[in-house]
Amino acid sequence: VSADWIFFGLTAACVFRLRTADAGAGRAAGAGIPGHPFTTLAFIAASAWIVVQALVHDPRNGAIGIGLLFAGWPVFLLWQRTSRRKTS
């Protein structure tokens, strides 16, 4: 659960990055989002709260999930390195 909610919160945080990267398109796309940026910030805060509470409630399972999450990092870096070599 904790690893899922980390990514849910990060996905919502990407909205801010995407809106600053393309300000014109962000305003046009954001016109239909009620309450933005407050609702987005509330979702990010709720996601963080869920992660913290999951870790407090069951630290063993939370640590296993986050450990698995970080165990994938070296695999990602290796995959990224090999995909760069193929495109070069």
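**Exercises on helix packing and a pocket**

In α1, the residues S2, W5, I6, F8, G9, A12, A13 and F16 meet T40, L41, F43, I44, S47, I50, V51, A54 and L55 of α3 (contact: heavy atoms within 4.5 Å; helices: DSSP runs of H or I, at least four residues, numbered from the N terminus). The model is predicted, local features needing pLDDT of at least 70 and side-chain atom pairs pLDDT 80 or more, while totals for chains, interfaces and linings use all residues. Residues are numbered from 1 along each chain as its sequence is written, and side-chain values use heavy atoms, without hydrogens and water.

**Exercise 1.** Determine how α1 and α3 are oriented and classify their contact residues.

*Solution.* Step 1: the axes, lines fitted to C-alpha atoms over the stretch in contact, come within 9 Å and cross at roughly 160°. Step 2: α1 is therefore roughly antiparallel to α3 (over 145 degrees between N-to-C directions, on a scale from 0 to 180). Step 3: the contact comprises 13 nonpolar, four polar and no charged residues, where Asp, Glu, Lys and Arg count as charged, Ala, Val, Leu, Ile, Met, Phe, Trp, Tyr, Cys and Pro as nonpolar, and the others, Gly among them, as polar.

**Exercise 2.** Identify the helix that gives the most to the lining of the largest pocket.

*Solution.* Step 1: the lining consists of I6, F7, L69, F70, G72, W73 and F76 (pocket: on a 1 Å grid over the protein atoms alone, an open set of points where a 1.4 Å probe fits, with protein on both sides within 12 Å along at least five of seven lines; lining: an atom within 4 Å of a point). Step 3: α4 gives the most, with five. Step 4: the lining divides into six nonpolar, one polar and no charged residues.

How values were computed: Helix = DSSP H or I, 4+ residues; strand = E, 2+ residues; numbered from the N terminus. Parallel < 35°, antiparallel > 145°, perpendicular 65-115°, else oblique.
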